[in-house]
Amino acid sequence: MTTVVRFRIAGGEYAVPVEQAREVRPAAELVPLATSREGVAGLLPWSGGALSVASVLGAGGLHVLVLDSAAGPFGLLADEVTGVASLDRDGGGGAPSGQELALVSGTVRTPDGHLVQLVDVAALGGWLRR
């Protein structure tokens, strides 16, 4: 079992390890980033500075999930953060083929049958910082 924070983006269900999730903030706090590239939603005011916020998994969203990677914190736009859950990695799949960006490290089926994609926080943070 692994404990994760579950969330939805553009109709898909995703999760990140709970130890890599810092907090949830309202997307209304986002500030546009001049000349942002595709997949970057903007900036989130943070501790006297700003965090870049990714929207690469889907545009729109009411919330920013603040995540922690080895390279530092960043935000991820989400439609809804559904809560903390324990998921059984046994019976799940590895990284799915066909990804343009390798941001999903595996998949898990929940007891109610939903397919949850496990986001690789380090890979997402690396993509955002390149």
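This is a predicted model: local features need pLDDT of at least 70, side-chain atom pairs count only at pLDDT 80 or more; totals for chains, interfaces and linings use all residues.
I call a residue buried when its relative accessible area is under 20%, exposed when over 50%, and partly exposed in between (1.4 Å probe, protein chains only). With that rule I looked up the protein chain, and 39% of its 130 residues count as buried.

Residues are numbered from 1 along each chain as its sequence is written, and side-chain values use heavy atoms, with hydrogens and water left out.

Next, the fold. Along the sequence the pattern reads β-β-β-β-β-β-β-β-β-β-α.

Then I checked the dimensions. The C-alpha trace spans about 45 × 30 × 25 Å along its principal axes.

For contacts I used heavy atoms within 4.5 Å. Among contacts with a separation of 6 or more, 49% join residues 24 or more positions apart.

Last, the rings. I paired Phe, Tyr and Trp (six-membered ring) when centres lie within 6.5 Å, with planes under 30 degrees apart as stacked, over 60 as edge-to-face and the rest as tilted. That gave one aromatic pair. Phe-7 and Tyr-14 are stacked, 5.9 Å centre to centre with 20° between the planes, and both are buried.

Key
Helices (H or I, at least four residues) and strands (E, at least two) are DSSP runs, numbered from the N terminus.
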